[in-house]
Amino acid sequence: MSSYLHPRSMLRLLALSGFLIAGVAQADMYDDVAALAKSGKPAEAIAKADQYLSNNPRDPQMRFLKGVAQSKAGDLEAATTTFQTLVEEYPELPEPYNNLAVIYASQGQLDKARGALEMAVRNNPNYAVAHENLGDIYARLAHDSYNQSLKLNGNNRALKLKLSTLTDMLQPAAR
């Protein structure tokens, strides 16, 4: 049995190994950008993402990671633009909707947050984080409605109990 490879087979094997190496390098770049953003170095993450995106400008995963880094850097305007562009170009992806919702909620735009989260769970009904975030938005909207109702009818004991329960639930957990 000969170990000779036909030149055409050799070329296919080389091309395949090139794709595999490029895939590993690409995965490492994603991991690097995510790790930089997570470790409190969002400016470095954005720079690394920009470097990658200069050769791969339409890569949705890297663009998403850049948006996350922009959020962590406090540049919510840039992050919003990044995530909005992603949902326009890739409306089937749930993660950019979820991240938009987090930004909207932080700005008190609860209706916009709810709409974005409803799109996220419509696109991926198994997206647990988006469901949890949507529940939080519904709770905040309910709190606002109960509070308004209490202003109009301050004698309603059941309403006071509901409002108190929601207020307790919406308080950040002690760590």
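1. Let's start with helix H7 and its partners. In this predicted model, the buried residues of H7 pack against H5, H6 and helix H8 (157-170). Those buried residues are Ala130, Leu134, Ile137, Ala139, His143 and Leu150.

2. How far apart are the end C-alpha atoms of H7? They are 36 Å apart, and this agrees with expectation because 25 residues at 1.5 Å a residue should span 36 Å.

3. Now step back to the whole protein chain. Its secondary structure comes to eight helices and zero strands, so the pattern read along the sequence is simply α-α-α-α-α-α-α-α. The protein chain has 175 residues, and 31% of them are buried. Taking contacts between residues at least 6 apart in sequence, 42% join residues at least 24 apart.

4. The largest nonpolar core holds 23 residues, and the members that touch the most others are Phe83, Ala113, Leu117, Ala130 and Ile137. Two or more residues of this core come from each of helix H3 (60-72), helix H4 (76-89), helix H5 (94-106), helix H6 (110-123) and helix H7 (128-152). There is also a second, separate core; it has 13 residues, including Leu36, Ala45, Met62 and Leu65.

5. Setting aside residues up to four places away in sequence, alanine 130 touches Asn98, Leu117, Ala120 and Val121. Asparagine 98 is found in helix H5. Is asparagine 98 buried or exposed? Its relative accessibility is 5%, so asparagine 98 counts as buried. Beyond its neighbours within four places in sequence, asparagine 98 is in contact with Leu117, Ala120, Tyr127, Val129, Ala130 and Asn133.

6. The largest pocket has a volume of about 310 Å³, and 13 residues line it. Nearest its centre lie Ala105, Asn133, Asp136, Ile137 and Arg140. H5, H7 and H8 are the elements that give two or more residues to the lining. Which element gives the most? H5 does, with five residues.

7. Lysine 66 is worth a visit in helix H3. Lysine 66 has a relative accessible area of 18%, and it is buried because the cut-off is under 20%. Leaving out neighbours within four places in sequence, lysine 66 is in contact with Ile46, Ala49, Asp50 and Leu53. Lysine 66 and alanine 34 are 32 residues apart in sequence, and their C-alpha atoms are 8.6 Å apart in space.

8. Back on helix H7, you will find asparagine 147. Its relative accessible area is 30%, so asparagine 147 is partly exposed. Asparagine 147 and leucine 163 are 16 residues apart in sequence and 6.7 Å apart in space, C-alpha to C-alpha.

9. A last stop is arginine 122, in helix H6. Is arginine 122 buried or exposed? With a relative accessible area of 56%, arginine 122 is exposed, because the cut-off for that label is over 50%. From arginine 122 to proline 94 the C-alpha distance is 8.2 Å, while in sequence they are 28 residues apart.

Notes
Residues are numbered from 1 along each chain as its sequence is written. This is a predicted model: local features need pLDDT of at least 70, side-chain atom pairs count only at pLDDT 80 or more; totals for chains, interfaces and linings use all residues. Side-chain values use heavy atoms; hydrogens and water are left out. Helices (H or I, at least four residues) and strands (E, at least two) are DSSP runs, numbered from the N terminus. Buried means under 20% relative accessible area, exposed over 50%, partly exposed in between (1.4 Å probe, protein chains only). Contact means heavy atoms within 4.5 Å. A nonpolar core is a set of buried Ala, Val, Leu, Ile, Met, Phe, Trp, Tyr and Cys residues joined through side-chain atoms within 4.5 Å. The expected span of a helix is 1.5 Å times one less than its number of residues. On a 1 Å grid over the protein atoms alone, a cavity is a set of points where a 1.4 Å probe fits but cannot get out, and a pocket is an open set with protein on both sides within 12 Å along at least five of seven lines; lining residues have an atom within 4 Å of a point. Grid points are joined across faces, edges and corners, and a volume is the space filled by probe spheres set on the points.
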